[in-house]
Amino acid sequence: MEEAWRPALKDKIAHLIEHITFEKAQVSRTGEKMRIFLTADRLFTDAEYHSVKRAFGGMFPGIRMEIRLSYPALAGEVREDLNKYKPFLVDVICKESPGMRPALTHAEWSFEKEILTLYLKDEVSAMLIRQKGIEKQLSDILKNVLCMTCPVKIAVSGD
């Protein structure tokens with residue numbers, strides 16, 4: 001399947017194929033579900049992600065499709081210009097915890113000595129972030145999506 005997917009999907013996602021590399025596919029024991037692992041050299045929008053998912057799903061009708069898209073090539077850029085990628089990271093976290101968007105958006109994010117620190121405006125926001133397990137979620141996202149092993153720390157910068 002490693003190279004068979006390119007010609008099969010060329011008409012459906014031609015504008016995205018040049019940015020995708022196929023890594024592997026996993027099929028459940030029952031054959032009802034397939035997980036495809038891809039890497040990309042740039043961030044994909046939600047619409048682009050769903051186009052890729054539909055295109056792969058069309059190759060395997062009747063099978064529930066899951067696409068795991070990661071961006072290992074962007075890890076260096078994330079460290080250099082974190083603010084460029086902050087909205088993406090906030091969006092990923094807020095898919096599971098939408099109530100955290102205000103605190104995460106208004107926090108100052110910083111890489112210091114390979115530690116990602118989120119400086120929150122107040123102790124209440126920091127407490128909520130900790131209670132929701134956002135540190136671990138963000139660390140997992142960095143690892144699974146950007147291939148960065150990086151601890152995440154919460155700090156308070158205001159009163």
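Because the model is predicted, local features need pLDDT of at least 70 and side-chain atom pairs count only at pLDDT 80 or more, while totals for chains, interfaces and linings use all residues. Residues are numbered from 1 along each chain as its sequence is written, and side-chain values use heavy atoms, with hydrogens and water left out.

**Overall fold**

The protein has seven helices and six strands. Helices (H or I, at least four residues) and strands (E, at least two) are DSSP runs, numbered from the N terminus. Along the sequence they follow the pattern α-β-β-α-β-α-α-α-β-β-α-α-β. The C-alpha atoms fill a box of roughly 55 × 30 × 25 Å, taken along the principal axes.

Of the 159 residues, 40% are buried. Buried means under 20% relative accessible area, exposed means over 50%, and partly exposed lies in between (1.4 Å probe, protein chains only). The protein exposes about 9,200 Å², and carbon and sulfur atoms supply 51% of this area. Accessible areas come from the Shrake-Rupley method with a 1.4 Å probe; for residues, only the protein chains shown count as cover. Among contacts (heavy atoms within 4.5 Å) with a separation of 6 or more, 58% join residues 24 or more positions apart.

**The nonpolar core**

A nonpolar core is a set of buried Ala, Val, Leu, Ile, Met, Phe, Trp, Tyr and Cys residues joined through side-chain atoms within 4.5 Å. The largest one has 50 residues, and Leu 104, Trp 109 and Leu 116 have the most contacts inside it. Helix α4 gives the most to this core, with seven residues. Not counting residues up to four places away in sequence, Leu 116 touches several residues, including Leu 82, Trp 109, Phe 111, Leu 138 and Val 152.

**The largest pocket**

A pocket is an open set of points on a 1 Å grid over the protein atoms alone, where a 1.4 Å probe fits, with protein on both sides within 12 Å along at least five of seven lines; lining residues have an atom within 4 Å of a point. The largest pocket holds about 890 Å³ of space. Its lining has 27 residues, and Ile 67, Arg 68, Leu 69, Val 92 and Val 145 lie nearest the centre. The elements that give two or more residues to this lining are β2 (33-40), α2 (46-59), β3 (64-70), α4 (82-96) and α7 (134-146). The largest share, six residues, comes from α4.

**Single residues**

| Residue | Relative accessible area | Class |
|---|---|---|
| Thr 117 | 1% | buried |
| Gly 58 | 46% | partly exposed |
| Lys 113 | 83% | exposed |
| Glu 114 | 43% | partly exposed |

Thr 117 is in strand β5 (residues 115-120). Leaving aside neighbours within four places in sequence, Thr 117 is in contact with Glu 108, Trp 109, Ser 110, Glu 112, Lys 153 and Ala 155.

Gly 58 is in helix α2. The C-alpha atoms of Gly 58 and Leu 9 are separated by 9.0 Å, although these residues are 49 residues apart along the chain.

Lys 113 lies in the loop between β4 (108-112) and β5, and Glu 114 lies in the loop between β4 and β5. Most residues other than glycine have a negative phi. Phi is positive in Lys 113, near 55°, and also in Glu 114, near 60°.

Terms used:
Grid points are joined across faces, edges and corners, and a volume is the space filled by probe spheres set on the points.
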